[in-house]
Amino acid sequence: MPPDRRRKLESTVAAIQQRHGTQAIRRARDLPHALPPYVRTGFGALDAITGCNGIPLGAITLFSGPGTSGKLTVAYKALANAQTPPHGENCVLLDLAHTTNPEYMQRCGVDLGRLLIVRPQNEADGLPLLLDLVQSRQTRLVLVDGIPELLAQRELARRFNAALGHLRQ
């Protein structure tokens with residue numbers, strides 16, 4: 001970059017930092033290199049491409065794909081890994097589809113004694129339950145099985161989208 005353009009860029013950066021704070025704009029090399037807290041999926045190749053060695057905690061992660069593509073297997077393995085030491089914490093499965101297979105979960109390594117399974121009586125109860133579970137901050141991982149059921153009704157889909165911001169807090 002020519003020196004005059006570099007000086008102009010540095011001047012612009014300094015002005016933005018003065019007006020909005022030093023964290024508003026900075027060079028990428030100055031960012032912290034620490035990974036966010038995460039849970040491994042149990043599949044090394046998948047963990048390697050996520051950018052944080054697994055599923056980031058404190059974030060919303062959606063597994064999407066056709067049926068029998070392995071979404072639940074990855075999710076169950078992540079649940080099992082969230083339960084292992086040193087964390088070894090309880091996890092929650094919000095089973096909106098009412099299709100959970102405890103035997104398969106055990107084969108994936110999930111400790112059923114440390115897993116709470118929540119099955120709301122109707123889809124309308126799913127979103128408030130999800131918000132309560134996440135906001136309690138008493139579990140390491142909340143897995144929602146059945147997002148299509150939650151989003152099947154237009155009003156629930158609107159409420160779910162509005163609630164996403166609250167889930168990440």
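Read from the N terminus, the elements of the protein follow the order α-β-α-β-α-β-α-β-α-β-α-α. That comes to 7 helices and 5 strands. Both are DSSP runs, numbered from the N terminus: helices are H or I with at least four residues, strands are E with at least two. The model is predicted, so local features need pLDDT of at least 70 and side-chain atom pairs pLDDT 80 or more, while totals for chains, interfaces and linings use all residues. Residues are numbered from 1 along each chain as its sequence is written, and side-chain values use heavy atoms, without hydrogens or water.

The protein has 169 residues, and 28% of them count as buried. Buried means under 20% relative accessible area, exposed over 50%, and partly exposed in between (1.4 Å probe, protein chains only). The accessible surface of the protein is about 11,000 Å², computed by the Shrake-Rupley method with a 1.4 Å probe. Carbon and sulfur atoms hold 53% of that surface. A contact means heavy atoms within 4.5 Å. Among contacts with a separation of 6 or more, 61% join residues 24 or more positions apart.

Now the part itself. Thr41 sits in the loop between strand S1 (38-39) and helix H2 (44-49). Thr41 counts as buried because its relative accessibility is 1%. Its side chain makes a polar contact with the side chain of Asp47, at 2.7 Å. A polar atom of the Thr41 side chain also lies 3.1 Å from the backbone nitrogen of Phe43. A polar contact is a pair of N or O atoms within 3.5 Å; within protein, one must be able to donate a hydrogen and the other to accept it, and residues adjacent in sequence count only if both atoms are side-chain atoms. Leaving out residues up to four places away in sequence, Thr41 touches Leu46, Asp47, Ile55, Val74, Lys77, Ala78 and Asn81.

The protein has 1 aromatic pair. The ring centres of Tyr76 and Tyr104 are 5.9 Å apart with planes at 55°, so this pair is tilted. The rule takes rings of Phe, Tyr and Trp (its six-membered ring) with centres within 6.5 Å; planes under 30 degrees apart are stacked, over 60 edge-to-face, the rest tilted. Tyr76 belongs to helix H3 (residues 71-83) and Tyr104 to helix H4 (residues 102-107), so the pair ties together parts 28 residues apart in sequence. Tyr76 is buried at 1% relative accessible area. Tyr104, at 27%, is partly exposed.
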